[in-house]
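Please keep the sequence and the model side by side while reading.

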Amino acid sequence: MKTTERVMLTPAYVLHQRAWRESSRIIEIISPEHGRLGLVARGIRRPTSPLRGLLTPFRPLLLSWSLRGELGTLTQAESAGTAARLGGRCLMAAFYLNELLLCLIARHDPQAELYEHYASTLSMIADPAQLETGLRRFELQLLQTIGYGLNLERDAASGAPVVAEGLYRFEPERGLVHVEHRESSGLIVQGTTLHELAAGKFTDAERLREARKLLRAALDVQLGGRRLKTRDILRELARYGAITAMRS
């Protein structure tokens with residue numbers, strides 16, 4: 001016989017929500033102690049619901065729920081702070097973070113460190129000057145969390161330390177392997193890029209560009225061909241000149 005788990009006012013963020021029945025929604029959340037899970041928020045679509053404007057993405061919350069099986073039932077919600085001020089590219093980048101979590105993090109798998117990293121990344125990417133660096137840091141942490149982190153310090157073939165002037169090819173089954181020439185087939189990145197990615201600080205646009213391509217390739221392996229809607233939206237907006245592409 002299944003027992004009912006009751007959780008009281010634990011920190012959480014809403015990642016996504018969808019309509020359910022006439023007046024309710026199913027919200028996907030992430031919390032440090034309970035990971036990602038789905039909750040039924042009953043009556044939230046009614047105009048008189050006190051939670052109607054509260055359960056929004058990027059706002060720190062305190063949530064209570066009861067859980068028996070795959071989906072839980074939301075029983076209480078309170079604000080735990082103000083939502084990050086996000087607009088334009090920064091807002092789309094935040095939705096990109098949420099989509100990555102929904103696609104790559106299994107339900108009911110607590111990830112306290114990733115949760116804290118997500119919260120700090122939301123604050124970081126609210127500053128357009130920190131947007132690209134914040135995204136790269138988060139992507140790297142996410143890969144590590146799901147067990148597919150990149151070894152940025154050693155050649156996957158020889159075990160030799162990565163050197164700044166060296167060139168390295170990304171091989172999904174092995175990692176980063178030293179090559180002699182940039183004309184070699186596959187995705188090639190410079191050792192300096194790997195050093196800067198490991199440190200979470202970038203000196204120029206070229207290093208950021210290489211880091212972006214590397215992390216996108218590594219994430220695409222884990223996505224297994226699944227397309228991200230946020231990437232498609234950004235491409236369309238860029239095509240019509242409505243927004244500069246984030247190119248994540």
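Rings of Phe, Tyr and Trp (its six-membered ring) count as a pair if their centres lie within 6.5 Å; planes under 30 degrees apart are stacked, over 60 edge-to-face, and the rest tilted. By this rule there are four aromatic pairs. The rings of Tyr-13 and Tyr-115 are 5.7 Å apart at their centres with planes at 50°, so this pair is tilted. It joins distant parts of the chain, since Tyr-13 sits in strand β1 (residues 5-20) and Tyr-115 in helix α2 (residues 112-125), 102 residues apart. Helices (H or I, at least four residues) and strands (E, at least two) are DSSP runs, numbered from the N terminus. Both Tyr-13 and Tyr-115 are buried, meaning under 20% relative accessible area, where exposed is over 50% and partly exposed lies in between (1.4 Å probe, protein chains only).

Phe-58 and Phe-95 form an edge-to-face pair, with 5.0 Å from centre to centre and 70° between the planes. Phe-58 is in the loop between β3 (35-41) and β4 (61-67) and Phe-95 in helix α1 (residues 89-104), so the pair ties together parts 37 residues apart in sequence. Phe-58 is buried at 6% relative accessible area, whereas Phe-95, at 32%, is partly exposed.

The chain has six helices and eight strands. Of its 248 residues, 46% are buried.

The model is predicted: local features need pLDDT of at least 70 and side-chain atom pairs pLDDT 80 or more, while totals for chains, interfaces and linings use all residues. Residues are numbered from 1 along each chain as its sequence is written, and side-chain values use heavy atoms, leaving out hydrogens and water.
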